[in-house]
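I opened the model today to look up its fold, its charged pairs and its aromatic rings. My entries are below.

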Amino acid sequence: MTTIKPRRGAIQAGKLRTVIQIQARDDGQDAAGQPLDSFSTIWTVWARVVSVAGNEDFKGVQFSPEVSHQVTIRWMPGVTPLHRIVTDSDQILDIITVNYGERRIDPILMTCKERISDRKSTRLNSSHLGI
């Protein structure tokens, strides 16, 4: 029986289990002259999203959690850190780095930071401080 080995750098389809949207910031300004804070989906693709690190700092009067993710997709041109990712579970990931392989068969590996500030944050009160 002959076994078929995947080509070096090729992604097995079963590893890409999450549908993501790659979004770009909309151009333009609001009435106050500030850049718009809205995004439009430019690609919807299958990806592998893995949480690789988490940290929780104390800033001001609240905890500030950070979660890093590694996102793997098939090769496609034009993905940059100016884009963001929205997962099928509504996580918003800001792209920090984009690593293209040497060949088109190689996957794109992106390091991302999850936007947790858009979710409810934990505020400290006197019960947390033991007062």
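The entries run from the overall fold to single pairs of residues.

**Ground rules.** I am working with a predicted model, where local features need pLDDT of at least 70, side-chain atom pairs count only at pLDDT 80 or more, and totals for chains, interfaces and linings use all residues. Residues are numbered from 1 along each chain as its sequence is written, and side-chain values use heavy atoms, with hydrogens and water left out.

**Fold.** Helices (H or I, at least four residues) and strands (E, at least two) are DSSP runs, numbered from the N terminus. Of the contacts with a separation of 6 or more, 51% are between residues 24 or more positions apart; a contact means heavy atoms within 4.5 Å.

**Surface.** Buried residues are 26% of the 131; buried means under 20% relative accessible area, exposed over 50%, and partly exposed in between (1.4 Å probe, protein chains only).

**Salt bridges.** I counted three, taking a side-chain nitrogen of Lys or Arg within 4 Å of a carboxyl oxygen of Asp or Glu.
- Arg25 pairs with Asp37, closest N and O atoms 3.3 Å apart. Arg25 is in strand E1, and Asp37 is in the loop between E1 and strand E2, twelve residues apart. Asp37 is exposed at 63%, while Arg25 is partly exposed at 40%.
- Asp94 pairs with Arg115 at 3.1 Å between the closest N and O atoms. They link strand E5 to the loop between E6 and helix H1, 21 residues apart.
- Arg103 pairs with Asp106 at 3.0 Å between the closest N and O atoms. Asp106 is buried at 11%, whereas Arg103 is partly exposed at 36%.

**Rings.** I found one aromatic pair. The ring centres of Trp75 and Tyr100 are 6.2 Å apart and the planes are at 65 degrees, so I logged the pair as edge-to-face. Rings of Phe, Tyr and Trp (its six-membered ring) pair if their centres lie within 6.5 Å; planes under 30 degrees apart count as stacked, over 60 as edge-to-face and the rest as tilted. Trp75 is partly exposed at 25%, and Tyr100 is partly exposed at 34%.
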